[in-house]
Amino acid sequence: MSSKIFKSLATVSGMTMLSRVLGFVRQILMAGIIGAGGNPVADAFWAAFRLPNMFRRLFAEGAFHAAFIPMFQGRKVDGGQEEAKQFAEEVLAGLIFILTLLTALVQIAAPVFVFMIASGFEDDPEKFALTTLYTRIMFPYLMMMSLVGLYSGILNSLGRFAASAGAPLALNVCLITAILLYANADVEVSGMAASWGVFAGGLVQLAILLFGASRQGFLLRLRMPRLTPSLKRLFALGAPGFISAGAVQINLIIGTNIASQEPGAVSWLMNADQLYQLPLAVIGIALGIVLLPMLSERVKAGDEKGAARALNRSLELSALLVIPAAAAFLVMSEPICDALFRGIAADALSIFGVKRSAFTPHDVAMTGAALAIFGAGLPAFVWHKIFSPAFFAREDTKTPMNYALISIGVNTGLALALFPIFGFLAVAVATVLAAWIQVGLLVQRLYRLGLFKPGLRLFSRLARVIAASAGMAAFLWWALAQLPTLGAYVWNREWVAVLLIAGAGLAVYGVLALILGAARLSDYKTVAK
């Protein structure tokens, strides 16, 4: 892996880490104010937020970029900046036309879309009505995120990652502001304020990207929408790419619908989803964002060895970070949820006159169980973001789409079959198994094509990372047994003790990784030979 990848990854990961930390703050405050299992507002908000948030992830983190960036890079290489800019303007016109129609349709037929997202709410008129209202308020966020995705793709193709990586901060800032302004209001009012906070966050993110694009001379002009050959090609690539890159998100939408049959389940799954999204975003999504334009550039230049080398080094680096994160979620998922959603939330909300967190011990147990299951799938979620760009860089979106369809089918079948037995946890189990199957199919196809050549070094590093992660997990298991005692030493705040244990676990892993040779910083500063 070259120093360029490492430097770009540091930029994207740093901004993403800051955004996700604010996301934690947002999630903690919302859990404390609107709760989870016992409150229809919580389920209604998170169900309504699921659809526009899915599109945010697809446009800003994968599916749209999978089709757009290789084509944009090709126009820039073959015809220069003006031809690339003209192509982007054609895409902008097409996006605005399609998304305006879609947004108008959702405003008119919002109940139909709510039924698609959460059919189980139909038996609860209050919850269904709230979800419909929140959907109408938040859905325009989809259009804004689509335009953010377009400008992000342009800036990423130009090697400018800071604006697109930092823009998501705006959503969390707007949501946190809205929540705190109405912290002492009725819970229905808090839900409404949060919905408008999402809308405002979309506007601010779009403004940030427009400013960043203007500085690079890529502020696009509005054109009349026309179905040009380039746009046809983009749609041909984009439709499969949307399915392949978005399989995990589509699986979560399907899971949300199935889970809506159980009161509180949508909120439990959403809270667990937000927690594992931190390592996923910082590692997998950040690597995917940096890797795709670099792979596209090398493939266009005929440097297949360089592309394969970058893929291997990305896998090594991701394993170094994601495997210990997965181990930590498996061992301490419930203490983490209790510390964040009850301990920290209660102390933070007391500053604003809210006397207790609405998140109950039962909510902690259910969210923790879902988080542990998602933790087992975290490597698959991350590696999907690394292996998919190897296809997208070669403008092959159909192969990943076929595997994504298999994943979606497996997820739906398993979730429906297991739900009567395990309840909402069946959704998490199905999502994880489907992700592992999808990654397995991607790997075997790349290997057969000779585009992925794992060597002794890769296997050696993976074994060392697993050993270091196992040692860290054993330490965490022992330390958590001492939690009541440790809590007494930190002002009777068990959440402080949990954070200290997590920090100590990270230190233990770092030491073990160095001792075992799982990590060598020099590997990521120069091109591997």
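Is Tyr 134 buried or exposed, and at what relative accessibility? At 0% relative accessibility, Tyr 134 counts as buried. Here buried means under 20% relative accessible area, exposed means over 50%, and partly exposed lies in between (1.4 Å probe, protein chains only).

The model is predicted: local features need pLDDT of at least 70, side-chain atom pairs count only at pLDDT 80 or more, and totals for chains, interfaces and linings use all residues. Residues are numbered from 1 along each chain as its sequence is written, and side-chain values use heavy atoms, with hydrogens and water left out.

Aromatic pairs were assigned from rings of Phe, Tyr and Trp (its six-membered ring) with centres within 6.5 Å; planes under 30 degrees apart count as stacked, over 60 as edge-to-face and the rest as tilted. This rule gives 13 aromatic pairs. Phe 45 and Phe 49 are stacked, because their ring centres are 5.8 Å apart and their planes meet at 15°. Both residues belong to helix H2 (residues 40-61), four residues apart, about one turn of the helix. Helices (H or I, at least four residues) and strands (E, at least two) are DSSP runs, numbered from the N terminus. Phe 45 and Phe 49 are both buried. Phe 45 also pairs edge-to-face with Tyr 134, at 6.3 Å centre to centre and 65° between the planes. Phe 45 lies in helix H2 and Tyr 134 in helix H5 (residues 125-138), so this pair ties together parts that are 89 residues apart in sequence. The relative accessible area of Phe 45 is 0%. Ring pairs join Phe 45, Trp 46, Phe 49 and Tyr 134 in a cluster.

A nonpolar core is a set of buried Ala, Val, Leu, Ile, Met, Phe, Trp, Tyr and Cys residues joined through side-chain atoms within 4.5 Å. The largest such core holds 82 residues. Tyr 276, Phe 374, Leu 378, Trp 383 and Phe 387 touch the most other members. Helix H13 (residues 304-350) gives the most to this core, with 21 residues. Another core, of 65 residues, lies apart from it; Trp 46, Ala 47, Leu 206 and Leu 209 are among its members.

Ile 154 is located in helix H6 (residues 140-157). Its relative accessibility is 0%, so Ile 154 counts as buried. Contact means heavy atoms within 4.5 Å. Not counting residues up to four places away in sequence, Ile 154 touches Phe 68, Phe 72, Ala 88, Phe 218 and Leu 220.
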